[in-house]
Amino acid sequence: MSFASVKFSDVVKKQYAFKVRSYMGSILTLIFLQIIAIFLASSTANYGSHGSNGITITGHMYSSDMVLIFTFLWAVITAILLTTKAYRYDDHSFIATRNSSNLANVLYLLSASIFAGVTAMLSSFLIKTIGYFVHEVHIYERVSISVIEYMTGLSASVLYVCLFAMVGYVIGLLVQWRRLFIVVIPVLFIGSMFSTNTHHSNPTALEVITSFIFQESSFLLFSVKIIVICVVLFLSSMVISKRLEVRL
């Protein structure tokens with residue numbers, strides 16, 4: 001009989017290290033999607049022309065918004081995949097509990113989200129570079145951005161990806177718990193886009209949520225909101241996972 005005890009933190013570390021090594025394919029998928037988004041953003045830039053006295057000036061506006069959208073979709077899909085049975089059963093290679101598995105999954109998602117958010121923001125430089133060589137345009141910044149402002153944008157990008165990853169993780173667990181949520185969640189999402197009160201001037205439920213999260217002028221309050229929401233989603237995932245069937 002062995003009296004050796006296994007620490008919870010050691011189990012989480014081993015599971016986290018295993019996921020980082022095993023799920024490199026998701027990072028490669030992210031890079032592939034971001035490359036596609038970069039070329040799309042550089043080739044479909046918004047432009048406008050202005051002519052006067054026989055001189056025509058054409059301006060192109062480049063943005064990394066498309067890269068961010070692709071990154072958000074990747075975060076949601078990756079988080080959902082982590083909740084499937086095939087990925088959950090990998091944890092049974094360790095002496096693990098649902099709590100340790102969930103914590104390891106969330107740590108992996110946070111690590112991947114940091115990488116995804118940073119690369120998404122840095123892609124703006126590559127998009128402008130491609131635009132410079134392909135369209136032979138001169139690059140001008142609309143507004144000079146300080147290092148602090150850029151780091152703020154970088155941090156916001158990482159927080160956005162973390163939020164979408166946690167939303168995807170909870171959605172995945174709900175679907176694994178009850179297949180009915182495959183229908184319920186899309187219906188609720190679409191319904192929130194069109195649900196209005198008696199007066200048409202009132203915003204929809206989705207607009208209220210979007211305004212509360214994404215239209216915060218203070219970065220500090222924005223960060224607090226995102227962190228609190230992510231913590232609530234994590235605690236919800238712990239509760240939902242306990243209701244999943246136990247593998248025999």
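Predicted model: local features only at pLDDT ≥ 70, side-chain atom pairs only at ≥ 80, totals over all residues.

**Fold order first**

I read the elements of the protein chain from the N terminus as α-α-β-β-α-α-α-α-α-α-α. That is nine helices and two strands, taken as DSSP runs numbered from the N terminus (helices H or I, at least four residues; strands E, at least two). Residues are numbered from 1 along each chain as its sequence is written, and side-chain values use heavy atoms, with hydrogens and water left out.

**Burial, contacts and surface**

I looked up burial next: 34% of the 248 residues in the protein chain count as buried, meaning under 20% relative accessible area with a 1.4 Å probe, protein chains only. For contacts (heavy atoms within 4.5 Å), I took those with a separation of 6 or more, and 79% of them join residues 24 or more positions apart. The accessible surface is about 15,600 Å², with 69% of that on carbon and sulfur atoms; the method is Shrake-Rupley with a 1.4 Å probe.

**Cysteines**

How many disulfides does a search of the whole structure find? I got zero, using a cut-off of 2.5 Å between paired cysteine sulfur atoms. Cys162 is in no disulfide, and its nearest cysteine sulfur, on Cys230, sits 6.0 Å away. Cys230 likewise is in no disulfide, with the sulfur of Cys162 as its nearest. I also checked their burial: Cys162 counts as buried at 9% relative accessibility, and Cys230 counts as buried at 12%.

Notes:
Buried < 20%, exposed > 50% of the residue type's maximum accessible area, 1.4 Å probe, protein only.
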